[in-house]
Amino acid sequence: MKVIVTVKRVIDYNVKVRVKADGSDVDLNNVKMAMNPFCEIAVEEAIRLKESGTATEVIAVSVGPKACQEQLRTALALGADRAIHIETEEQLESLNVAKLLAKVIEQEQPGVVILGKQAIDTDNNQTGQMLSALTGMAQGTFASKIDIQGDKAIVIREVDGGLQTVELAMPIIATTDLRLNEPRYASLPNIMKAKRKPLEVKTAEELGVTIKAHTKLLCVGAPAERKAGIKVADVAELVDKLKNEAKVI
Amino acid sequence: MSILVIAEHDNDSVKNSTLNTVTAALAIADDVTVLVAGSNCQSAAQSAAKITGVSKVLVADNPVYANQLAENMRALIVELAAGKTHLLAPATTSGKNIMPGVAALLDVGQISEIIKVESADVFERPVYAGNAVAKVQSLDAIKVITVRTTAFEEAGETGRASIEEVSAVCDEAKSKFIGEEVAVSERPELTSAKIVISGGRGMGNGENFGLLEAVADKLGAAVGASRAAVDAGFVSNDMQVGQTGKIVAPDLYIAVGISGAIQHLAGMKDSKVIVAINKDEEAPIFSIADYGLVADLFEAVPELEASL
Amino acid sequence: MSVYRHPYKEADFVIRHLLAFDDFCRDNALDDLNSDFSQQILTQAEKFAAKYLLEQNRQGDLQPPQLIAGKVLETVGFADSYRAFIEQGWASLSASEQYGGQGLPNILAVACNEIWQSANLSFSLCPLLGQGAITAIERHGSSELKQQFLQKLVSGEWTGTMNLTEAAAGSDLAAIRSRAVAEGDHYKIYGQKIFITWGDHQMSDNIIHLVLARLPDAPPGVKGLSLFVVPKYLLDEKGEAGIKNDLRCISLEHKLGIHASPTCVMSYGDENGAIGYIIGENNYGLHYMFSMMNHARQGVGVQGLGVSERAYQVALEYAGNRIQGTDRAGNSLRIIEFGDVRRMLMLLKSGTEAMRALCYYAGFETDKKSAAAANSEIASQSAARIDFLTPIVKGWCTELTQELVSLAMQVHGGAGYIEEAGIAQLVRDARILTIYEGTTGIQALDLVKRKTLLDDGAQAGLMLAEIQQTLAQLEKSPRGDVIYHSLNTALADGRAALDWLRANVQQSSCVAGDYLQLWGYLTGGWLMAKSHLIASNLLDNGLGDSDYLQAKLVTTKFYAEHFLVRTNTCLASIKAGGDTIMSLSEQQFFSHVN
C-alpha cells in the first residue's frame with residue numbers, strides 16, 4: 001500500500017508576522033520558512049505506517065514554488081521514499097491544491113493520504129476535506145489516532161467536546177491533529193541519503209488542472225489591539241474589581 | 001440573495017453556534033433558511049424555527065444523518081444548494097469537517113472563519129494565527145463560508161419560521177460512526193460558557209487543574225488550557241484555547257499560569273474582560289489583560305476560590 | 001528564558017559568500033555539497049539543539065554531576081540527550097566515512113558546534129573531546145587500534161577524553177610524572193591526572209582515555225612523553241566493553257561555570273596498573289597532541305562565539321521587552337530605545353559577527369588544506385595560515401567573549417545579576433574559555449614566538465599584504481569610507497607592531513598579550529571589511545536579502561568605529577615595551593601594604 005503525505009512550506013512559527021506597509025499582504029520576503037507543523041505530524045504518521053509494515057511506500061507531495069523542495073527534502077530525510085513537487089509560483093487556494101493532489105492520487109492510487117489539518121499561514125483547514133470530496137475517498141479529519149485494519153480504517157477524531165471514532169472504508173484521506181504523534185527529527189545520515197532520493201517535478205498543466213481563482217485578497221491589516229489594563233495588588237482587589245467595576249461575577 | 005445555514009445541533013436543540021451563524025447570515029441578506037439534518041431531530045428543528053430572522057427550516061430527518069458524517073452531509077447540502085447564494089456553517093469541528101467538501105463538489109472556494117461581513121461578497125478573516133486580518137472577496141456564484149462564532153452575537157429566539165421536510169437520503173456509505181467519548185462535565189461547554197478559566201504550563205501538571213475546577217464550579221465557568229499545557233500532556237486537546245484549538249469569547253476569561261503566546265491570544269482576545277494571574281511580571285498576557293495579578297498561582301487561585 | 005534561534009542568515013552569508021563554499025565544493029568535486037545543503041543541515045541541528053540541549057542547560061547548571069560510589073552520575077536527562085545526539089548521527093559529522101562518519105567538511109562541523117555550544121556548552125564538550133580522541137587514533141594509531149576503537153568512537157557509542165594536566169604540570173607539560181611500563185603487548189599506566197573533562201559518566205558504554213605518560217627510559221622534559229589509549233572497560237573478545245580497567249574518578253571539581261560538565265581527577269593504576277596501548281611511537285606523545293592542538297584551540301574560539309551569540313539573543317529579548325521610563329509625551333519606553341543600551345547591543349551584534357567570520361574562516365582553511373594535494377603549495381600555505389590564526393581565534397575570541405557576555409548582563413541591569421534571568425550562567429560558563437586549552441597568555445606567546453618570530457614574520461607579512469588588497473578594494477567602494485579609514489589605520493598599526501616586535505625580540509613576552517589582541521581586532525576587521533564589500537556588491541546587484549544586507553553594512557561600519565580602532569591602544573601598549581612592566585621589584589608589589 002502506498003501512502004501519500006502532503007507538506008506545505010510556510011513561515012516558521014517562531015517568526016512574528018509583519019503586514020506590508022501598503023496593506024496588500026503579509027511580508028514574507030526573506031522570512032524564515034519551514035514545514036507546516038501539522039504537516040510534520042502527517043509525515044511522521046506516514047513513516048510510522050511504513051515502519052509498522054502497513055505501508056510499502058511513502059510519497060511526499062508539495063505544491064508551490066521551487067523553494068518548497070527544501071521541505072520535500074526534509075520529508076525525504078525523515079523517511080519518505082520519494083517526492084513529487086508540483087511547481088507553481090502562484091499562491092494557490094485550497095481547491096486548486098486539492099485538484100492537483102486529486103490528480104496525483106489518480107496516478108499513484110494510494111491507500112492512505114495524510115494531510116495536516118490546517119496550515120499556519122492561511123489557517124484555512126480545507127484541503128483534506130476538499131480532496132475527499134473530489135476523489136470520493138472517505139475522510140477522517142483532525143485525527144488523533146489512525147488504525148488501518150485491512151479494507152477499513154478506524155480513525156479517532158478530535159471534535160468539540162471530546163473524541164469521535166469513525167470507521168472508514170479504504171482508501172482514506174486523513175488530516176492530522178496535534179496529539180496524533182510526536183514528530184521525529186531528521187538524522188544526519190538520513191539528511192545525506194535524502195539528497196539521492198527521487199524528486200519528480202510536475203506542473204499543473206502536465207496534470208491537466210486549470211488553476212482558477214475563487215477569491216481575491218483585497219487587503220491585509222493588523223488585528224485590533226487590546227490595551228493593557230491595570231495590575232491589582234491582591235486577590236481581594238481582583239474580586240472587588242470583577243464584582244463592582246467590570247460586573248462580570 | 002438566499003442563504004442556507006447548516007445548523008449544529010444534538011437532535012434535541014440547536015447549539016448556540018448556530019445562533020451566531022444566523023447573525024452572520026443576516027448581516028449578508030434577509031432570506032435565511034436553516035438546515036437541520038439529523039436523526040429524530042424534529043425537536044431540534046422546532047428550536048431552529050424559533051431563531052429570530054430565520055424564514056424557513058429544512059429538516060432532513062434520517063438515520064444516515066445521525067452523526068452528521070461529512071460524506072453524507074456534503075452530498076445532502078449540495079442537493080439543497082440550488083438557488084442559494086451563500087452556504088454558512090459555524091467554524092466548529094463539525095462545520096470545518098463538512099463545508100470544504102461542499103465547496104469542492106460545487107467547484108467553488110471556501111472562506112473560512114469569517115469574523116466580519118463587509119458586504120455580500122467581502123469578508124474579513126484572521127490569518128497567520130491571528131497576527132493579521134485578511135479582507136477577501138469571493139469570486140464564486142455560491143459562497144461557502146464558515147463563521148467564527150465568537151465574532152457574532154447570538155441571534156434571538158423570537159422567530160416562527162416554517163418547517164419543511166427534506167426527503168433526500170444521501171448515503172455515501174464510506175464512513176460509519178462507531179462511538180463518541182464526550183468529556184462528561186457538569187460545567188458549561190468551553191465555546192459557549194460565559195466565564196472561562198484556563199491554565200497554562202505554569203500549572204505544572206494535570207492534577208493541579210483541580211485548582212481551576214474548584215474556581216470554575218463556584219463561578220459556573222468552563223475550564224480551558226493553553227497549547228503549552230496540552231503539549232505538556234497536562235490535559236486533553238479538547239480543552240485547548242487558541243488558534244489551533246477552540247476560539248472563545250466569554251464575558252470573563254481568567255488566564256492562570258499562561259504566558260500569552262500569540263497563538264493562545266488569538267483564541268481568547270475577544271473576551272469582554274480578561275484577567276491574568278502569573279508570577280512572571282513580564283509575561284505578555286499582561287499586555288492584553290484588563291486586570292493583572294502578579295502572584296504565585298498556587299497561592300492566588302485557592303484564595304480566589306475561597307473569596308467567591 | 002528565551003528560545004534559541006540559530007543565526008541562519010549569518011551562517012549562510014559567511015559560508016556562501018565570505019568563504020565561497022560553493023566554489024570550493026565545485027572545484028573539489030564534492031558533488032553533493034553546497035551552501036543550500038549546508039543550510040539544511042544547520043536547520044536540523046537547530047531543531048535538535050532547541051529540543052535536546054537548550055532545556056537541559058539550566059538543569060545542568062543547577063544539578064551538576066555527582067560522584068557516588070566511584071561513579072560519576074551526570075545530570076538527569078543528559079543521557080537521553082546524548083543518546084539522541086548519537087542516534088541522529090551528529091557525533092560523526094566530520095569523521096571519515098571509512099569508520100562510519102559522514103565525512104562532511106570541517107566548516108560544517110564548526111557551524112554545528114556553534115549551535116551545540118550556544119544551546120549547552122557543558123554538553124557540547126563531551127562529543128568535542130571524542131573528536132580529539134578520534135583524530136589522534138586515526139592519524140597516529142596502529143591499524144589494530146583503529147580497528148578496535150574508531151568505529152565506536154565515531155558513532156559516539158564510546159566517548160573520549162584527553163588526559164594531559166597533572167597537579168604539578170599545567171601549562172608546563174614537561175613536569176608530567178605519570179608513568180607507563182611495558183607488559184607484553186600492552187602497557188601498565190600509573191598516575192593521577194586532573195581537570196579531565198567528562199572523565200567519567202554513564203552516558204556511554206565505554207570511555208576511551210588518551211593519557212600522556214612517561215616510559216621508564218624516556219628522556220626528561222616534553223620529549224619524553226608518550227600517548228596511550230586507556231579504555232575505562234577493556235575490550236572483550238567481541239570487541240565490546242568488557243571488564244573494568246584499573247582507573248577511576250576520585251573526585252569532581254567544584255567550578256565557577258560549566259557545572260554540568262564533570263571535571264574529574266582521574267587515578268590510573270591504583271591496584272595493579274591500568275592497561276593501556278601506545279599510540280604511534282615512543283616519546284612522540286606531545287608531538288601527536290600538538291597535531292590536534294590547532295583543531296582543539298580553534299574549537300574553544302568557536303565556543304566563545306556560541307556563548308556570545310546566545311548572550312546577545314538573551315540580552316536582545318530582554319531589551320525589547322523591558323519597559324523602563326517614559327518619553328516627554330508620557331509614552332513608556334522599552335530599554336532598547338535608549339542610546340546606551342543600543343550601543344551595548346551593537347557591540348554584541350557586531351562583535352559576534354566578527355568572531356563568527358574569523359572562526360569560520362579559520363575552520364575552512366582546514367578544509368582547503370585537506371582538499372589540496374599533500375605537500376602541495378596550497379596545502380602548506382593553508383597550514384601556515386591555520387598555524388598563524390589558531391592562537392588568534394582562541395585568544396582573541398574568548399577574551400572578546402568575556403566582554404560581550406558581561407555587556408549582555410549589563411543590558412539586563414539588576415535582573416541580569418539574578419540567576420533566573422539566565423544570563424548569569426552564560427557569564428560563568430564563558431569564563432573558562434580564556435583558561436583551558438592554553439590560557440590567553442599561552443596563546444599570545446605562541447603567536448609571538450612560534451607563529452611570528454620563528455618564520456621571521458613571513459606569515460604575518462602575508463596576512464598584512466592580503467589585508468592591503470582588501471583595503472584597495474574598499475577605497476573604490478562608495479559605501480566603505482569609514483571602514484577604509486579605520487582599516488587603513490589598523491593595518492598601519494599592525495605593520496608597526498610587527499616591525500617593533502622584530503626589533504625588540506627580547507621584550508616579546510611582555511607585549512605578547514597586546515600583540516595578540518591587535519591581531520584579533522585587525523583580522524576581525526579585515527573579514528568584516530570583506531563582508532561589507534560583499535554585502536554592498538549584492539545590494540548593488542539587487543541580490544539577496546536586502547534587509548539583512550543593509551544591517552550588515554551597518555554592523556561592519558560599527559565594528560570599524562568601535563572595535564577596529566582598538567588596534568591603536570594595543571600598539572601604544574606594545575610600543576611602551578616591557579620595561580615598565582618588569583621594573584618593579586617583587587618587594588615593591590607589596591609597597592602599599594608592607
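**Close-up views of a predicted three-chain model**

**View 1. Two helices of chain C pack against each other.** Helix 15 (residues 508–540) of chain C packs with helix 16 (residues 546–562) of chain C at an angle of about 150°, and their axes lie 9 Å apart; axes are lines fitted to C-alpha atoms, for helices over the stretch in contact, and angles run from 0 to 180 degrees between N-to-C directions. Helices (H or I, at least four residues) and strands (E, at least two) are DSSP runs, numbered from the N terminus. Helix 15 and helix 16 of chain C are therefore roughly antiparallel to each other, a term for angles over 145 degrees. The crossing of helix 15 and helix 16 of chain C is left-handed, meaning that the near helix is turned anticlockwise from the far one by less than a right angle. Among the residues that meet are C:M528, C:A529 and C:H532 in helix 15 of chain C and C:L549, C:L553 and C:T556 in helix 16 of chain C, where two residues are in contact if their C-beta atoms, placed from the backbone, lie within 7 Å.

The model is predicted, so local features need pLDDT of at least 70 and side-chain atom pairs count only at pLDDT 80 or more, while totals for chains, interfaces and linings use all residues. Residues are numbered from 1 along each chain as its sequence is written, and chains are lettered from A and ligands numbered from 1 in the order in which they are written.

**View 2. Seven strands of chain B form an open sheet.** The strands of chain B stand in the order 5-9-4-1-2-3-10, and their pairing is parallel; two strands pair if DSSP finds at least two bridges between them. Strand 5 (110–114) and strand 10 (162–165) of chain B are at the edges with a single partner strand each, so one side of each has no neighbour in the sheet. From one strand to the next, the twist averages 25°. Within this sheet, strand 4 (residues 86–90) and strand 9 (residues 143–147) of chain B pair over five bridges, and B:L88 has B:I145 in strand 9 of chain B as its bridge partner. Helix 2 (residues 42–49) of chain B packs on the sheet and touches strand 2 (32–38), strand 3 (56–61) and strand 10 of chain B.

**View 3. Chain A meets chain B.** The contact takes 65 residues from chain A and 72 residues from chain B. Strand 9 of chain A gives the largest share of the chain A side, eight residues. The residues on that side divide into 36 nonpolar, 17 polar and 12 charged, with Ala, Val, Leu, Ile, Met, Phe, Trp, Tyr, Cys and Pro counted as nonpolar, Asp, Glu, Lys and Arg as charged, and the others, Gly among them, as polar. Strand 9 of chain A also runs antiparallel to strand 11 (residues 175–182) of chain B, to which seven bridges join it, and A:Q164 has B:E180 as its bridge partner there.

**View 4. Chain A meets chain C.** Here 13 residues of chain A are in contact with 19 residues of chain C. Helix 2 (69–78) and helix 5 (188–194) of chain A each supply at least two residues of the chain A side, and the largest share, four residues, comes from helix 5 of chain A. The chain A side comprises six nonpolar, three polar and four charged residues.

Methods. Angles under 35 degrees count as roughly parallel, over 145 as roughly antiparallel, 65 to 115 as roughly perpendicular and the rest as oblique.
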